[in-house]
Structures are given as C-alpha cells and as structure tokens.
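User: I would like a close look at one part of this protein. Please keep it brisk and give me the cut-offs as you go.

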Amino acid sequence: MAEVTVRFVDGPAGGLVRGVPAGPDGAPPPRWVLRHPEGAAGPVGAGADHLYRRDRRDDTGTWTMRFVRTDPFGVTE
C-alpha cells in the first residue's frame, strides 16, 4: 500500500509530519484518527483519540490534515 506524507495542523498533533496510507487517487483518507493510549510518551495527548480531516495539498506535495476533535481513547471506533 502506498503512503502519502501529511502534516497535522492544530490540536495535540499540530506540526507532526508522518506518512499515512494513500487512496487510489493518491490522497490521504478523508478522516484520520491518531490514537494515543494511556501511559504512552510522545507529542500527542495520552489516553485519547484525535480526529483529523483531510484539508489540501501544498505546493511541496504534502497534504494537511486539520484537527476536528478529541475523544476519550477508544470512543471513535
């Protein structure tokens, strides 16, 4: 499966850049959940699911995903 580079904008993961699976059109999924379980270390809030939505591709080819909301871990399933 191909990946596309996305930059997360706003919210707990604001500024994070990473690869996510690309669809047949080469774009990231319309919505992406960053999951961060309790006790995990990192730049994203622990014990929560952070919902982001696809925004647009910039002139370097990197897509942006904009913050929508945060839910308690596991609620977004």
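Which side chain meets R66 in a salt bridge at 2.8 Å, N to O?

Analyst: That partner is D55: the side chains of R66 and D55 meet in a salt bridge, 2.8 Å from N to O. A salt bridge here is a side-chain nitrogen of Lys or Arg within 4 Å of a carboxyl oxygen of Asp or Glu.

First, the ground rules. This is a predicted model, in which local features need pLDDT of at least 70 and side-chain atom pairs count only at pLDDT 80 or more, while totals for chains, interfaces and linings use all residues. Residues are numbered from 1 along each chain as its sequence is written, and side-chain values use heavy atoms, with hydrogens and water left out.

Back to the pair. R66 lies in strand β5 and D55 in strand β4, so the bridge ties together parts that are 11 residues apart in sequence. Strands are DSSP runs of E with at least two residues, and helices are runs of H or I with at least four; both are numbered from the N terminus. D55 has a relative accessible area of 23%, which is partly exposed. R66 is partly exposed as well, at 25%. The classes are these: buried is under 20% relative accessible area, exposed is over 50%, and partly exposed is in between, with a 1.4 Å probe and protein chains only.

R66 has another partner. Its side chain also meets that of D10 in a salt bridge, at 3.7 Å from N to O. D10 sits in the loop between β1 and β2 (17–21), and R66 in β5, so this pair links distant parts of the chain, 56 residues apart. D10 is partly exposed, with a relative accessible area of 47%. Together, D10, D55 and R66 are linked in a network of salt bridges.

The count for the structure comes to 3 salt bridges. One of them joins R69 and D71, with the closest N and O atoms 3.0 Å apart. R69 is partly exposed at 41% relative accessibility. D71 counts as buried at 13%.

At 5% relative accessibility, T64 counts as buried. Setting aside residues up to four places away in sequence, T64 touches R7, V9, R53, R54, D55 and R56. Contact means heavy atoms within 4.5 Å.

The whole structure holds 2 aromatic pairs. The rings of F8 and Y52 have centres 5.0 Å apart and planes at 80°, so this pair is edge-to-face. F8 lies in β1 and Y52 in β4 (residues 48–57), so the pair ties together parts that are 44 residues apart in sequence. Both are buried: F8 at 1% relative accessibility, Y52 at 0%. The rings of Y52 and F67 have centres 5.4 Å apart and planes at 65°, so this pair is edge-to-face too. Here Y52 in β4 is linked to F67 in β5, 15 residues apart. F67 is partly exposed at 28%. F8, Y52 and F67 form one aromatic cluster. Rings of Phe, Tyr and Trp (its six-membered ring) pair if their centres lie within 6.5 Å; planes under 30 degrees apart are stacked, over 60 edge-to-face, and the rest tilted.

Finally, the setting. The chain has 0 helices and 5 strands. Of its 77 residues, 30% count as buried.
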